[in-house]
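Hi,

Here is the structure I promised to pass on to you. Have a look at it first, and then read my notes below with the model open beside them.

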Amino acid sequence: MSSKTITIADVYAALETVMDPEIPVLSVVDLGMITGVDLNDSAVHIKMIPTFAACPAVSYIQHNIKTVLEKELGIAVSVEVDKQEHWHSNRMTPAAKEKLKAFGIAPPKVLAGEVSAELMMEVPCPHCGSEQTYLRSPFGSTLCRAIHFCKNCGQVFEQFKPLE
Amino acid sequence: MNNAALTDLIIKMADDELIQGHRNSEWTGLGPVMEEDIAFSSMAQDKIGHAWALYRMLHEELGGKDPDTFAFLRPEKEFKSSHLVEMPNGEYDFSLMRHFLFDLAESVRYESLQDSSYEPFRLLSKKVKGELKYHTLHANAWIMQLSRAGEESYDRMQQALDKTIALAAGIFEPSQLYEEALIEDKVYPGETALYHRWLDRIYPVLVKASLNLPEISAIVPVYGGRHGVHTPHLQSLLREMSEVFNLDTEASW
C-alpha cells in the first residue's frame, strides 16, 4: 500500500474487515459504529461509538481496529470513542440487517419515534418469517439482544434490539 | 458552573447506579426463571456501565479520581447512595418493586438532563435514556403481570409497594448545600420537581395493576444516604464488591 496514496475509501474498505466480536458476520461499518475518519499523510484517526454504554467489547474493538488498519494500510492508527455521538439502531445499514437475519438474529425494526412495548411485538422470525411471535424477555445473551418465541416454528430466537 | 454542586450530584447518581447494579448482579444464577436471571444480570451490566460513565465524567471533567479507585476504595461514609439501593434483595416481590420504582425514577431524571445546561449530562442522558426503556418495559410488565396473578401474588405486590415506597421517595432527598445552585444554573430541575414527575409516572402503572399507592402526604421519605448516613447493609456490600479489587489495587485488568 505504501507505494500509493491512501484514500478515505481505503480506510473504510479496511474497516469493513473488522468484525464485531459478538456478531462475527457484521463489521464495525455495517453496525454504524464509525463516526469519523481523519486521514493525513502519516496517520489516520478513527472515531467510533459502542452500541450500548456498558458494552464490554469496546476496548477489544478499538484494539482490533488499530491492529487491522495498521496491518492493511501501513500507517499509524489511533482510535477514540466519540462522545458527541450516540449509537441508535437506525445507524445499522440495510445490508447489515440482511446479514443479521441470515445469521439467525432478527434485525431491529426501523425506529420512527421512541421504543415502545408494541415495537417488540410480532417481530418476524428469522428462521421461518412468521409474525406469530411474542417477546419472551427484553434481555438476552448480550446487552443488544432480546429473546422472542415463534409460535409457527416453535423456536426461540434472538433479536437485535431497536435502540433510540 | 458550580463544580462542587455538580460533583455532589454526579456522585449521588453514580453511587445509586453502582450499588443497584451490584444488587441486580446478586440475582445472577439465582433468578426464578432463566429469562429473569438474564434480565437482572443484563440490567446489572447496564447500571454499572452508567455508573462507570458518570465516574468517568467526574474524572475527566471535574478533576476526580480514576473511576475504579473512586468506586472501590472509598470509605462507606463517602458514598452518597440512597437507602433504597442498599437494601438486600430479599424476595422477588421486593426486588421487582424496587426495580420498578428505581428505574422510573432514573427515567424522569435522565429525561430532565436532556435539557441540562451541563453538556456532558446532555450527551450521556441521550444514551442512558434509550437503554432505560428496556428496564422500564421489563419492570412495568412484571408489576402488571404479578398483580393480576391471583390473590396471594396481588397481596405480596401490594405489601412490597407499601414497604418500598418511602425508601424510593428517599431517592429525591434535596441537597442542603447545592440544590438551589443546581436549579439556578439549570443543571437539572431539582429533586422536588423530579419527585412529582416520578409520582406522575408510577401512578398509571399502579392503577393498571390495581395496586394502591399510599396517601402521598403520609409518605415519609427515608433520607440520609445522600450525606453519608447509611443502612448497615452498605458496609458488607462494599466489602464484597471490592474484594477482588483490593487483592491488588495496582493490577491492570
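How many helices and strands does the secondary structure of chain B come to? The count is 11 helices and 0 strands, so please keep in mind as you read that this is a predicted model. Going along chain B from the N terminus, the elements read α-α-α-α-α-α-α-α-α-α-α.

**Chain B as a whole**

Let's start with the overall shape. The C-alpha atoms of chain B fill a box of roughly 55 × 45 × 30 Å along the principal axes. What radius of gyration would a compact globule with 253 residues have? It would be near 18 Å, and chain B agrees because its own value is 18 Å. Of those 253 residues, 44% count as buried. If you take the contacts in chain B with a separation of 6 or more, 75% of them come from residues 24 or more positions apart.

Now pick out α6(B), which has 29 residues. From its first C-alpha to its last it reaches 41 Å, close to the 42 Å expected at 1.5 Å a residue. Where is α6(B) kinked? The kink is centred on S125(B) and comes to about 30 degrees.

Next is α7(B), residues 151-169, with 19 residues. Its reach from first to last C-alpha is 27 Å, close to the expected 27 Å. This helix has a kink too, of about 35 degrees, centred on K163(B). Its buried residues are M157(B), A160(B), L161(B), T164(B), I165(B), L167(B), A168(B) and A169(B). Which helices do the buried residues of α7(B) pack against? They pack against α4 (83-86), α5 (92-112), α6 and α9 (191-208) of chain B.

**Where the chains meet**

The contact between the chains takes 20 residues from chain B and 19 residues from chain A. On the chain B side, the elements giving two or more residues are α2 (34-61) and α6 (119-147), the latter being the helix with the kink centred on S125(B).

**Strands in chain A**

β2(A) pairs with β1(A), residues 34-39, in the antiparallel sense over 5 bridges, and the two form a hairpin with 3 residues between them. β2(A) is also joined to β3(A), residues 76-81, by 6 bridges, and this pair runs parallel. Have a look at I46(A): V37(A) is its bridge partner, and I46(A) stands opposite V79(A) in β3(A) as well.

There is also an open sheet of 4 strands in chain A, in the order β4-β7-β6-β5 and with mixed pairing. Why is one side of β4 and of β5 left without a neighbour in the sheet? Both β4 (105-106) and β5 (133-137) stand at the edges, each with a single partner strand, so one side of each has no neighbour there.

Between β5(A) and β6(A), residues 145-150, there are 4 bridges, running antiparallel; S137(A) stands opposite I147(A) here. β6(A) also pairs with β7(A), residues 156-160, over 5 bridges in the antiparallel sense, with Q159(A) as the bridge partner of A146(A). The hairpin of β6(A) and β7(A) has 5 residues between the strands, and G154(A) in this hairpin takes a positive phi near 70 degrees.

L73(A) is found in helix α2 of chain A, residues 58-73. Is L73(A) buried or partly exposed? It counts as partly exposed because it has 19 C-beta neighbours inside 10 Å, and a residue needs 20 or more to be buried. L73(A) and D20(A) are 53 residues apart in sequence and 20 Å apart in space, C-alpha to C-alpha.

Happy exploring!

Note on methods. Residues are numbered from 1 along each chain as its sequence is written. Chains are lettered from A and ligands numbered from 1 in the order in which they are written. This is a predicted model: local features need pLDDT of at least 70, side-chain atom pairs count only at pLDDT 80 or more; totals for chains, interfaces and linings use all residues. Two residues are in contact if their C-beta atoms, placed from the backbone, lie within 7 Å. The expected span of a helix is 1.5 Å times one less than its number of residues. The bend at a residue is the angle between axes fitted to the seven residues ending there and the seven starting there. The radius of gyration is taken over C-alpha atoms; the globule rule is 2.2 Å times the number of residues to the power 0.38. A residue is buried if 20 or more other C-beta atoms lie within 10 Å of its own, exposed if 12 or fewer, and partly exposed in between; C-beta atoms are placed from the backbone. Two strands pair if DSSP finds at least two bridges between them.
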